[in-house]
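I opened the model to look up a few local features. My notes follow in the order I took them.

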Amino acid sequence: QDRLLYENRKKSLPKLASMLGRGLRGVKTRMEKLTDVNSAAYERLFVGNRSNNNDLVDDDDPEQKGSRLTPVKEVLRRIRWDGTLLQNDFTVQYYDRVEESIDEATFDAPNNSVSGNEDLFVFAIPEHRIVSVKYKQQIVWDKDQRVDRVFGSMKGNGETIDVVIENYADWKKEKDEQDHINRQRQAEVAFRIKTMLGKERFDVLKDTSVSLQHPSGSLMATDELITQYIKTALNIFRDARSVDIDDKNVEDSKVKQQMDVESLYILSELVALLPDDLLRERILLKIESHVERLEGRKPNQTTTVTSQDLPELNEDDLSEKFVRGSGAGGQKINKTANRVILVHIPTQLRVECQDTRSLQQNRKIARKRLRLKLDEFINGEKSRTGLKGAKVASKKAKTKAKNRARQRKKAAAKEED
């Protein structure tokens, strides 16, 4: 774990905690030791056994920076045309711009939603939106991790797909053993939290945690649900401490904040062991932002947190119509009712969508647009669209100010000449 932690040291704290199945504070403390050249942990990693550390990847190494990760399109073509590989053994993870989350598709899934001539969905996905490729349960290509175990480039360290397939049984055995260790650790963390909260409160926390996990994965857990989950967990810890949260005493308030930080760190230990990779990372990101806010620190720049959560839509408040589309696209557009007209009845906000040939995709996009409109209607300048517009306007104003200053400087130089 120290080797993995050091190789990925430039990643965000929640990402590292999710990878290692450790709480935020534990990972932070360990990273401080690994980056301290005088610590015993650093000595064990780099000095104690030099023969086993030759393959440690340093992102600052010029040779490593200059090397090239095999493009995912080449990886997909290899899987498609290599007769020794079974296509149904592979899956592709990609960023869904409509849901703003990571989704997964089997390699041989037909293309029913993206326009173009590609018959397989994974080839119709824009290359920049593909995040990783998996062989059964093992990741063999990962854009963020710079791993390629299909051709062996970058952090694949020369390991190719035929080697992966040959050694998959051993890898699966190791993974099952690690999962067993994680379950034991989860049981230990759960026992410690149960002792702290009491059985009744712990059962409430457990039920709340389970409610976030859905058979279809982390896509079902919205940012609002995750935020509510953290607030509920904090209230459970506060109730267990029997602290009056309405007390206005300043000294007590600081103590309560510190207790909340401690509670969030303990919660992160439990969250880091959740089975869904994407879900636990999203929750850990939210926990980290809560900790930073309580400690009065500036948000981590590597952490991606939305500036404003979008309001949820109540389907009972919506009026939805499907009409024939128009424009380019042929019969799939002009002879099918795939254009969506969505109206929010209480506010009479209206959106239309005919972006794709797929009716279901258009429905998703229409709902996202309506949520943005409703957010702007409710929050005005503080809405996501308003904040984005203000940021763009501020950037333009700074650019204009710099240009004016440059022109004044040039004019002054000419006068001197």
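**Notebook: a loop residue, a helix residue, a helix pair**

I started with Gln 348, which sits in the loop between β7 (339-344) and β8 (349-353). The model is predicted, and I read every entry here with that in mind.

I checked the accessibility of Gln 348 next. The relative value is 56%, and exposed means over 50%, so Gln 348 counts as exposed. I then followed its side chain and found that the side chain of Gln 348 reaches the backbone oxygen of Ile 345 at 3.0 Å. I also took a C-alpha distance: Gln 348 and Leu 374 are 26 residues apart along the chain, with 10.0 Å between their C-alpha atoms.

I moved to Arg 367, in helix α15 (residues 359-379). Is Arg 367 buried or exposed? I noted a relative accessible area of 14%; the cut-off for buried is under 20%, so Arg 367 is buried. Its side chain makes a polar contact with the side chain of Glu 320 at 2.9 Å. Leaving out residues up to four places away in sequence, I listed Leu 313, Glu 315, Leu 318, Glu 320 and Leu 342 as touching Arg 367.

Last, I looked at helices α9 (residues 168-197) and α10 (residues 199-212), whose axes come within 7 Å and cross at roughly 130°. The two helices, α9 and α10, are therefore oblique to each other. I recorded the crossing of α9 past α10 as right-handed. From α9, Ala 190, Ile 193, Lys 194 and Leu 197 meet Lys 199, Arg 201, Phe 202 and Leu 205 of α10. Sorted by class, this contact has five nonpolar, no polar and three charged residues.

Note on methods:
Residues are numbered from 1 along each chain as its sequence is written. This is a predicted model: local features need pLDDT of at least 70, side-chain atom pairs count only at pLDDT 80 or more; totals for chains, interfaces and linings use all residues. Side-chain values use heavy atoms; hydrogens and water are left out. Axes are lines fitted to C-alpha atoms, for helices over the stretch in contact, and angles run from 0 to 180 degrees between N-to-C directions. Helices (H or I, at least four residues) and strands (E, at least two) are DSSP runs, numbered from the N terminus. Angles under 35 degrees count as roughly parallel, over 145 as roughly antiparallel, 65 to 115 as roughly perpendicular and the rest as oblique. A crossing is left-handed if the near helix is turned anticlockwise from the far one by less than a right angle, and right-handed if clockwise. Contact means heavy atoms within 4.5 Å. Ala, Val, Leu, Ile, Met, Phe, Trp, Tyr, Cys and Pro count as nonpolar, Asp, Glu, Lys and Arg as charged, and the others, Gly among them, as polar. Buried means under 20% relative accessible area, exposed over 50%, partly exposed in between (1.4 Å probe, protein chains only). A polar contact is a pair of N or O atoms within 3.5 Å; within protein, one must be able to donate a hydrogen and the other to accept it, and residues adjacent in sequence count only if both atoms are side-chain atoms.
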